[in-house]
Amino acid sequence: MADRDNVHWHELFHEVVDTGLCTGCAACVMACPRDVLGYTDEYWPVQIGEGNAFDGCWIGDRGCDICTRACPRFRAWESDLDTELFGRRREPDEVYGIARSLLLCRATDEAVHEAGQDGGLVSVLLIWGLENNKIEAALTSQIVDKRGPFDSEPFLARTREDVLATAGSRYTYSANPLAMAEADDQRLRQIALVGMSCQASINGTLPAYGVNKYKNKLALTIGLLCSKTFTYDGQKEVLAEHGIAIADVIKINVKGRYMVWTRDGGYYEIPLKELHPHTREGCKKCPDFAAEHADISVGGIGADDAWTLTIVRTQRGEEWMSGVIDAGLIEARPAEDDEVAMKLLRNLSIKSRKRWPTDVLAGREAPGLLPIVDAG
């Protein structure tokens, strides 16, 4: 891990942000001990420290390298994080990462199931954690009305009501780690993180590279299977082309097509290819569909919309899953029961990995991902 020694914002900017490898996860902003990094509305980290150049940092010049240590896309991130979390690198056939078990899960409480996306597992885990004093809050997202419905921003959920109010998927981007600032202000010590694949990788960078302040705060990381997100304005434009006002939309899902439910009871399907031109820039080179470094990875890619595909990855994740299963809060069955889910998990993981560049970036070769077997 010596390739992260004696480097700071200058190297991070030129090797990750400037080359388009940055996903906008905001880990560097969250972890910066002097608050000299900020975050733009376009989902990029920027230098805001007075007297610093846009690609320089006088605190970094004095030896601070926290931003590079927190970043889940800097240099040899994949192999380092695998080794830290699992004690080994993945095998070539582990195309969606290292897993202890794969399950299909469904909340037994119908109110929780109805409020959540697919099987409602994320809501179950967070509520159980809050009610059993395993966490004090969760970094998640909430819908805001800055531009209209389905625009989202980071949110610190502290109650069952908060969890249910923020349940469900939005396909605009929210840098959930930024909600850690509020957790810090409230001096909370045990936090769960719910985030897309790129954000979930923070679960590995913090302990792997010794970002001690935050590695001791994250009590659980739930990663959302994620192929890409779309810009808010792009979604609004495509909906309008189909005669749908975004203000009338109450739910969106993506399962090979863009699925839309409206307030008047209407349901519409839009070909996903119409959304592709509106893919968020930070998603275009992201190689991680399966949230490979979360404690638990979840998504709704199966044949049955009522169940959550669940990948249990770490011992900590296994302990949390055992807790909610033993408490009777979820039903669980083997993921292999759903051939559609297993095939999509493999194929979408391979497809995402092919995005990672192999050319020379910023004067040095882009660190390669670990080799996998592409059977297709």
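Keep in mind that the model is predicted.

Let's start with helix α14. It runs over residues 315-326, so to speak a stretch of 12 residues. From its first C-alpha to its last it reaches 16 Å, close to the 16 Å expected at 1.5 Å a residue. Which of its residues are buried? They are Gly317, Trp320, Met321, Gly323 and Val324. Look down the axis of α14: these buried residues fall within an arc of 155°, so they line one face of the helix. In general, an α-helix has 3.6 residues a turn, so residues three or four places apart point the same way.

What covers that buried set? The cover includes one helix, α7 (121-131). It also includes the strands β3 (101-107), β7 (218-224), β11 (296-299), β12 (308-312) and β13 (330-334). After α14 comes Gly328, with a positive phi near 75°.

Next, His8. Find it in the segment before α1. Is His8 buried or exposed? Buried: its relative accessible area is 10%, and the cut-off for buried is under 20%. Set aside its neighbours within four places in sequence. His8 is then in contact with Cys57, Gly60, Asp61, Cys64, Asp65, Cys67 and Thr68.

How many cavities of 30 Å³ or more does a search of the whole structure find? Four. The largest cavity has a volume of about 100 Å³. Its lining has 14 residues, and nearest its centre lie Cys22, Cys25, Cys28, Pro45 and Cys71. Two elements give two or more residues to that lining: α1 (9-17) and α2 (27-31). The largest share, three residues, comes from α1. By class, the lining of this cavity has 11 nonpolar, two polar and one charged residues.

The largest pocket has a volume of about 1200 Å³. Of the 50 residues lining it, Ser169, Tyr171, Leu225, Cys226 and Gly300 are closest to its centre. Among the elements giving two or more residues to the lining are α7, β11 and α15 (339-353). The lining divides into 20 nonpolar, 23 polar and seven charged residues.

The second largest pocket has a volume of about 490 Å³. It is lined by 26 residues, with Glu114, Ala115, Gly116, Gln117 and Lys251 nearest its centre. Which element gives the largest share of this lining? It is β8, with five residues. By class, this lining has 12 nonpolar, eight polar and six charged residues.

How values were computed:
Residues are numbered from 1 along each chain as its sequence is written. This is a predicted model: local features need pLDDT of at least 70, side-chain atom pairs count only at pLDDT 80 or more; totals for chains, interfaces and linings use all residues. Side-chain values use heavy atoms; hydrogens and water are left out. Helices (H or I, at least four residues) and strands (E, at least two) are DSSP runs, numbered from the N terminus. The expected span of a helix is 1.5 Å times one less than its number of residues. Buried means under 20% relative accessible area, exposed over 50%, partly exposed in between (1.4 Å probe, protein chains only). The arc is that of the directions from the helix axis to the C-beta atoms. Contact means heavy atoms within 4.5 Å. On a 1 Å grid over the protein atoms alone, a cavity is a set of points where a 1.4 Å probe fits but cannot get out, and a pocket is an open set with protein on both sides within 12 Å along at least five of seven lines; lining residues have an atom within 4 Å of a point. Grid points are joined across faces, edges and corners, and a volume is the space filled by probe spheres set on the points. Ala, Val, Leu, Ile, Met, Phe, Trp, Tyr, Cys and Pro count as nonpolar, Asp, Glu, Lys and Arg as charged, and the others, Gly among them, as polar.
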